[in-house]
Structures are given as structure tokens and as C-alpha cells.
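Open your viewer and keep the selection tool ready. Each stop below tells you what to select and what is there.

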Amino acid sequence: MNKLIKILTLLVFGLSIFSCKTAKDIDFDKIQLADKQATKETKILYQRIQDIAKEGIAFGHEDATAYGVNWKDDGKKMNSDVKKITGKFPAVHGFDLGHIELGRSTNLDTVSFDLMRRHIKKINRKGGVITMSWHLDNPVTGGDSWDTATAVSQILKNGGEREKFELWIKQLSNFFKSLKDEKGNYIPVVFRPYHEMNGSWFWWGEGIVSNEDYKNLWRETIALLQENQVHNLLYAYSPNTVGSIEEFNKYYPGDEFVDVLGIDIYNHSGDEAFTESLKQNLEILKNKATASNKPYALTESGNNKFGMNAEWWTEALYPGIKDSGIAWVLVWRNARPDHYFASYKGDVAEEDFKAFEALEEILFLKEISKINY
Ligand code: BMA
């Protein structure tokens with residue numbers, strides 16, 4: 001009997017070694033990214049994102065470990081609203097860099113950049129995926145991202161505020177270069193700047209910037225980051241809900257400047273309309289991604305009105321994303337009881353969120369950490 005257990009243990013151990021992939025399995029030269037000098041770790045992240053999409057859909061949450069409804073990180077053990085109810089951390093962790101450009105120590109939502117850095121290191125070590133957006137201020141007026149005074153033409157090459165913009169990108173670059181793992185390698189991040197450009201609420205949005213200026217802003221931003229020796233980024237382009245592939249393409253800077261395709265879709269008009277909108281938009285996204293040969297994700301989603309349906313996760317979100325081929329779905333931040341997007345202890349949808357977590361297709365940190373090299 002003892003012998004049998006031994007043999008079985010050896011067999012299982014042997015199989016697990018056999019199935020464990022290593023970086024040697026990746027053809028690094030074949031991976032062509034927006035940044036031609038992207039680090040090896042960045043290419044591994046790109047490969048992992050494609051592998052994840054084949055296994056299921058990773059669950060992501062903005063600011064998951066920084067705070068939640070009625071609590072804030074206390075510097076002790078890392079926690080998250082999602083972990084409190086499921087026992088698992090999200091697989092994808094979103095953070096926002098708004099106000100890094102100003103040299104501040106906290107972002108626009110009062111999350112300290114030091115805390116962000118510390119958590120990013122921990123999450124990276126555990127095998128999580130990091131994605132960062134940037135709600136940067138209006139560089140001309142000093143107002144916030146939602147100040148829609150014209151600004152893009154002034155920060156492009158030869159523009160009146162160019163110098164200031166280059167300094168802003170320097171601050172941004174310094175943050176990215178401060179992300180290092182215990183071996184001293186730069187931690188790779190999916191960077192998602194100037195998002196929801198087809199909406200008219202940000203200064204880089206529809207009706208405020210021309211599509212050509214937007215594309216140049218994107219390309220020039222990448223060029224500046226590279227000049228500053230930032231090579232640990234995958235670049236994600238993500239409009240808000242679109243009606244067609246043409247709308248998706250309107251501000252698209254070109255395949256050679258983008259690594260991951262995304263889309264932001266919120267529940268605004270009821271569950272049925274939401275599920276339908278997810279299906280239609282993710283089909284458009286899939287077609288675009290197939291043509292461009294890139295991975296794709298639901299880069300922002302959520303329902304701010306949980307009171308409407310305690311089964312929102314399995315009845316509205318899941319039917320809209322299942323089998324869509326997205327690598328992840330990221331829900332927005334849990335700021336306070338009237339502005340939260342992931343479930344939390346005591347929330348009406350708590351039980352349903354657990355059922356969502358238990359779905360085979362939905363992956364949390366534990367699951368994606370195994371999809372690694
Ligand atoms: C928005 C809201 C704001 C926040 C911003 C950036 O959707 O959550 O309160 O400042 O995202 O995180």
C-alpha cells in the first residue's frame with residue numbers, strides 16, 4: 001500500500017513537472033510588441049494573457065487591495081473585498097496613475113503611490129496581472145481629466161505645452177521604472193492610457209480632439225516612454241461601448257502601436273440591455289482582435305445599482321461574457337456604499353458573486369498563477 005502511494009506521488013509529481021512550461025517554450029523573437037525593446041518579462045506577460053484567454057476569463061478589480069467598502073489598507077496583511085467573501089484575490093489588479101504627472105504622493109483617489117508599488121510587487125510575485133489606467137489632469141487648464149477644454153493639440157510635438165507634457169511623461173516613466181521584482185527585473189504592466197476616447201467626458205475624447213491628433217498623442221506618448229527607457233509595458237487601447245468596428249477604429253493608432261485590445265462596458269440601461277450590449281460589443285472586439293492578431297479584454301465593467309438584481313453576476317454579466325474569448329473582465333473600484341462595483345461582505349449580490357467565482361470559466365489569482373512560465 002505504502003509503495004503504491006509512493007508510486008502515485010512520484011507519478012503526479014512527474015506529471016506536474018512535465019506540464020510546467022518554462023520561458024524556453026516561448027519563441028521571444030516571434031512576439032512583436034509596440035515597444036520593440038520590450039523586456040523578456042513583458043513578452044512573458046503577453047504570452048500569459050493569450051494563454052489565460054484559452055483557459056477562461058480572469059476576474060479583475062480596480063484598487064482591489066488598496067481599500068474597499070468601509071475599510072482601507074492598514075499596511076499589514078494585503079486584503080480585498082473579493083477575498084473577504086470568496087477567500088481568493090482577483091487575478092487582474094487595476095490601479096490608476098492620475099496625479100503621478102504632478103509629482104504627488106497619492107493618486108486622484110487618494111491611493112498612495114508607495115502603497116501601489118508595494119502591492120504591485122506582491123501581486124506580481126503571486127502571479128497576478130497588473131493593469132494601469134491614467135486619469136491625468138488637463139495639461140492646459142490644470143483642471144482634471146473631465147475638464148474638456150482643448151489640450152491635445154498643445155501637447156503634441158511643437159505645441160505650446162509640450163515641455164510640460166514631456167515632464168509629465170518623465171514622472172510617469174519614473175514610476176514605471178520603480179516597479180522591480182526581487183530579482184531586480186522590471187515588473188511588466190498593461191498600460192491603458194487615454195481610455196474611452198469615443199465618449200465626450202475626458203479632454204482626450206470625441207468632439208474635443210480630432211482623431212488624427214488622438215492617434216499622434218498615443219504614438220508620441222509611446223515614443224517618449226521609450227526615450228525614457230521604459231520597456232516594461234504592454235499598451236492597451238480601449239474605447240467605451242461601440243456601435244461598429246468602424247467606431248472602434250476611429251481613434252485606433254495602428255496595430256504596431258497597440259498590444260492588447262479592450263473595451264469598457266457598464267450597465268446603464270438595465271440587465272437585458274447590458275447583456276445584449278456585452279454580446280454585441282465583444283463580438284466586434286473579437287473580430288477586430290482576430291484581424292489584428294492580438295489578445296483582448298473587457299477592460300472596465302460593472303453595475304452601480306446592485307439593488308436591482310441580486311443575481312447580476314450570473315444572470316447579467318456572465319451570459320454576456322461567456323465564451324467570448326476575452327482574457328479578463330475588470331470591474332471598477334469599491335469606493336463607498338454608493339459607488340462600488342465588486343461585491344463585498346453584506347452586499348445583496350454576495351451569494352451570487354460566490355456562484356460567479358465558482359464557475360469553471362472564471363479565473364481568480366490562484367488559477368492564473370498556474371498559467372505561468
Ligand atoms: C471614476 C470614478 C471616480 C474616480 C475615477 C478614477 O469612474 O470612480 O470617482 O476618480 O474613476 O479612478
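**Stop 1: a helix end**

Select Ser-292: at 10% relative accessibility, Ser-292 counts as buried (buried is under 20% relative accessible area, exposed over 50%, partly exposed in between, with a 1.4 Å probe and protein chains only). This is a predicted model, where local features need pLDDT of at least 70, side-chain atom pairs count only at pLDDT 80 or more, and totals for chains, interfaces and linings use all residues. Residues are numbered from 1 along each chain as its sequence is written, and side-chain values use heavy atoms, leaving out hydrogens and water.

Ser-292 belongs to helix 9 (residues 271-292); helices are DSSP runs of H or I, at least four residues, numbered from the N terminus. Now show Tyr-252, Asp-255 and Leu-261. Ser-292 is in contact with these three, leaving aside neighbours within four places in sequence (contact: heavy atoms within 4.5 Å).

**Stop 2: the ligand**

Which residues surround the ligand? Select Leu-108, Asp-109, His-135, Trp-146, Trp-332, Arg-333 and His-339; a residue is near if one of its heavy atoms lies within 4 Å. This shell divides into three nonpolar, two polar and two charged residues. Here Ala, Val, Leu, Ile, Met, Phe, Trp, Tyr, Cys and Pro count as nonpolar, Asp, Glu, Lys and Arg as charged, and the others, Gly among them, as polar.

Next, check the polar contacts (pairs of N or O atoms within 3.5 Å). A polar side-chain atom of His-339 lies 2.7 Å from a ligand oxygen. For the side chain of Arg-333, the distance from an N or O atom to a ligand oxygen is 2.8 Å. For Trp-332, it is 3.0 Å.

Note on methods
Helices (H or I, at least four residues) and strands (E, at least two) are DSSP runs, numbered from the N terminus. A polar contact is a pair of N or O atoms within 3.5 Å; within protein, one must be able to donate a hydrogen and the other to accept it, and residues adjacent in sequence count only if both atoms are side-chain atoms.
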